[in-house]
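Dear colleague,

Please find below the structure that I am handing over to you.

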Amino acid sequence: METVSLAHIFSSILPVIADTGDRDGISGQVEQLERLLNFAIFCGILYPRAAECFGPATKERAMRIALVFPPRTGPTYMPLGIAALAAFAGRAAAGVDLFDANLELYNHLCDRSIRLGAMRNFSRGPLDIFLNSELYRNHWDRMGEVRREIDSLEHQAKAYLAGSGLGAELAALLARQAGRIGRNTPHVVAFSAMYLDQLPFLLALAKYLVCEVRSGCRIVIGGAAMSALSPVQLLEAASFVDAILTGEGEYPFEALLEGRAFGAIPGCYYRDGGSIEFTGKCVVPPDLGLLPPPDFSALAGLGYFNPVPVMPVYGCRGCKWRRCRFCVHNNSFGRHRQRSPLALALEMREKRLLHGCRHFYIVDQYVDPVYLDELSNAILSIGVDCRFQVM
């Protein structure tokens, strides 16, 4: 395939810019050139495979999706949601790129500060030193400095979303993360939001991709946080977001991978002309035992802030009680279903062998003592050397 040349692109576009004359002025021409360059970099025009980016995905050009876990939350654990979707993609996973933007932000802040870098090194150091209470307090207290820097960035993100301009520090963050997202020239950038605290950074990065980079990719948001707000109001406020996926993510994600129109994706709020449509409540996987275990292979070596690997697992989804009207999990998850305790124990053994992980935390919304007894017996019966806690 012939390489697309930036010189060729510029030679085609410069006469068009010049024809605008005084209507745009020099600043307008510079802005257009800058955005063109951003678009070229994002879409891979600088590389031989660039021409593959243009046009919709086809059977010959598989759908490429960037799964992004945005700031802000803690840097100590791997995001379960995008790992579960990567596993569900199966053979199509070659077109799926996972990016933990939250961890990237923490690492960047620690890279530029000796004090914060020392804190990060301590958190990844030997377990016996990490468990020393005095050393832990001396190092981990510095996390407050990180949070204050993230607070400042969040303030800039909110100002940017309100139309008050793009602060220098936030601009550097968004440019860096947009470049990382664009490395596989995705057709769709899908953000996974577990918490509402992630929305300022998520929306700022989405706006930057659409309004500054002019990437041309579709912006989709999913995750449990989408069940804690009004998707219609969010789409009305954020014109740069194309669709919001609600409910459990496997079936909607499968539809995205297949390149279906938003109107054919279950649990999807999307724009249709001047209106916002909803395809109806998402159907949940009826049997959790048929789902593959989450795939952490793209995340396990990134250096989370723990002295030993810690991985999230789930044995159940939904809640047996389902009577608390204030609980958003009644909307983000379907009816209560559970995996076999033996299946979960086997998954823990697999992750012990693949990633050296012996510490797990269970993220279930509802866990009863009977299930934990059965899980403990299953772990003992197959001889898994591990520890677990319930979140």
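In which loop is T279 found? T279 sits in the loop between β7 and β8. Before going further, please note that this is a predicted model, in which local features need pLDDT of at least 70, side-chain atom pairs count only at pLDDT 80 or more, and totals for chains, interfaces and linings use all residues. Residues are numbered from 1 along each chain as its sequence is written, and side-chain values use heavy atoms, with hydrogens and water left out.

**T279 and its surroundings**

T279 has a relative accessible area of 30%, so it is partly exposed. Here buried means under 20% relative accessible area, exposed means over 50%, and partly exposed lies in between, with a 1.4 Å probe and protein chains only. Not counting residues up to four places away in sequence, T279 touches F262, G263, I265, P266, G267, C268 and Y270; contact means heavy atoms within 4.5 Å. One of these residues, C268, is 11 residues from T279 along the chain, and their C-alpha atoms are separated by 5.5 Å.

**The chain as a whole**

The chain contains 15 helices and 12 strands. These elements are DSSP runs numbered from the N terminus: helices are H or I with at least four residues, and strands are E with at least two. Of the 391 residues, 46% count as buried. Among contacts in the chain with a separation of 6 or more, 72% come from residues 24 or more positions apart. The chain exposes about 19000 Å², and carbon and sulfur atoms supply 55% of that area; accessible areas come from the Shrake-Rupley method with a 1.4 Å probe, and for residues only the protein chains shown count as cover.

Rolling a probe the size of a water molecule over the atoms shows where empty space is left. On a 1 Å grid over the protein atoms alone, a cavity is a set of points where a 1.4 Å probe fits but cannot get out, whereas a pocket is an open set with protein on both sides within 12 Å along at least five of seven lines; lining residues have an atom within 4 Å of a point. Grid points are joined across faces, edges and corners, and a volume is the space filled by probe spheres set on the points.

The largest pocket has a volume of about 840 Å³. Its lining consists of 41 residues, of which G81, M194, G223, A224 and F333 lie nearest the centre. The lining divides into 27 nonpolar, 10 polar and 4 charged residues. In this division Ala, Val, Leu, Ile, Met, Phe, Trp, Tyr, Cys and Pro count as nonpolar, Asp, Glu, Lys and Arg as charged, and the others, Gly among them, as polar. Elements that each supply at least two lining residues include β1 (65-69), α3 (80-89) and α12 (250-257). With 5 residues, α3 gives the most to this lining.

There is 1 cavity of 30 Å³ or more, and about 30 Å³ of space lies in the largest cavity. A84, F88, E250, L291, P292, Y314 and R317 line the largest cavity.

Why is α3 largely enclosed by the rest of the structure? The reason is that 8 of the 10 residues of α3 are buried. Its buried residues are L80, I82, A83, A84, L85, A86, A87 and A89, and what covers them includes β1, β3 and α12. After α3 comes G90, whose phi is positive, near 60°.

Helix α12 is mostly covered, with 6 of its 8 residues buried. The cover of its buried residues includes β1, α3 and β4.

**Aromatic pairs**

The whole structure holds 7 aromatic pairs. Rings of Phe, Tyr and Trp (its six-membered ring) pair if their centres lie within 6.5 Å; planes under 30 degrees apart count as stacked, over 60 as edge-to-face and the rest as tilted. Y106 and F305 form an edge-to-face pair, at 6.1 Å centre to centre and 75° between the planes. Y106 lies in helix α4 and F305 in the loop between β7 and β8, so the pair ties together parts that are 199 residues apart in sequence. Both Y106 and F305 are buried.

Yours sincerely
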